[in-house]
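Hi there,

Here is the structure I promised to pass on to you. Have a look at it first, and my notes follow below.

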Amino acid sequence: MDPDTRDTEPGRVVLRPAGEIDMANAPEFEATLTEALRRPAVREVVVDLADVRFMDSSGVRVLVHGAAVGRERDVPLRVTAPQPGVARVLRITGVGALLGLADVESGRPVARGWRGLD
């Protein structure tokens, strides 16, 4: 997996991985995500999951680690457009709020921070 990485506007980086994010390719995805979060002058990193059809706990770990790196650098990490199976994994693991995902039922953004506790 080689995520498409684009600077869509000054300070905003969009990563668009495709296929599967699992233990076989999670290290590569993590390296790409960490590099994007550590770019000079970056203000936001968006991970567009529209083309990811499967994600295991390795992918969830990478996203949670990315959110922590972003928090240290004051760079929000936001996940968008997960396919239903991937959205379910993120929802049942309780990381949706941490990743800026909208509430599935209401469509409203969830509170920021770990499970909205911040």
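Six salt bridges turn up in this predicted model. One of them joins Asp 51 to Arg 16, with 3.0 Å between the closest N and O atoms. This pair links distant parts of the chain, since Asp 51 sits in strand E5 (residues 51-55) and Arg 16 in strand E2 (residues 12-16), 35 residues apart. Asp 51 counts as partly exposed at 36% relative accessibility, and Arg 16 is partly exposed too, at 33%.

Another salt bridge brings together the side chains of Glu 44 and Arg 78, at 3.0 Å from N to O. Glu 44 belongs to strand E4 (residues 44-48) and Arg 78 to strand E6 (residues 77-80), so this pair ties together parts that are 34 residues apart in sequence. Arg 12 comes in as well: salt bridges with shared partners join Arg 12, Glu 44 and Arg 78 into one network. With a relative accessibility of 23%, Arg 78 is partly exposed.

There is also a salt bridge between the side chains of Glu 35 and Arg 39, with an N to O distance of 3.3 Å. Glu 35 is partly exposed at a relative accessible area of 41%, and Arg 39 counts as partly exposed at 21%.

Now for the helices. How do H1 and H2 pack? Helix H1 (residues 26-37) meets helix H2 (residues 57-73) at an angle of about 15°, and their axes are 10 Å apart. That angle makes H1 roughly parallel to H2, because angles under 35 degrees count as roughly parallel. Their crossing is right-handed. On the H1 side, the contact is made by Ala 26, Phe 29, Glu 30, Leu 33, Thr 34 and Leu 37. Residues contributed by H2 include Arg 61, Val 62, Leu 63, His 65 and Val 69. The residues of this contact divide into seven nonpolar, five polar and three charged.

Thr 32 is in helix H1 and is buried, with a relative accessible area of 18%. Apart from its neighbours within four places in sequence, Thr 32 is in contact with Pro 3, Thr 5 and Leu 15.

Gly 19, in strand E3 (residues 18-21), is buried at a relative accessible area of 12%. Not counting residues up to four places away in sequence, Gly 19 touches Asp 51, Val 52, Arg 53 and Phe 54. Its C-alpha atom is separated by 9.4 Å from that of Leu 49, a residue 30 residues apart from Gly 19 along the chain.

Best wishes

Conventions:
Residues numbered from 1 in each chain as written. Predicted model: local features only at pLDDT ≥ 70, side-chain atom pairs only at ≥ 80, totals over all residues. Heavy atoms only, no water. Axes fitted to C-alpha atoms, helices over the stretch in contact; angles between N-to-C directions. Helix = DSSP H or I, 4+ residues; strand = E, 2+ residues; numbered from the N terminus. Parallel < 35°, antiparallel > 145°, perpendicular 65-115°, else oblique. Left-handed = near helix turned anticlockwise from the far one by under 90°. Contact = heavy atoms within 4.5 Å. Nonpolar A, V, L, I, M, F, W, Y, C, P; charged D, E, K, R; others polar. Buried < 20%, exposed > 50% of the residue type's maximum accessible area, 1.4 Å probe, protein only. Salt bridge = Lys/Arg side-chain N within 4 Å of Asp/Glu carboxyl O.
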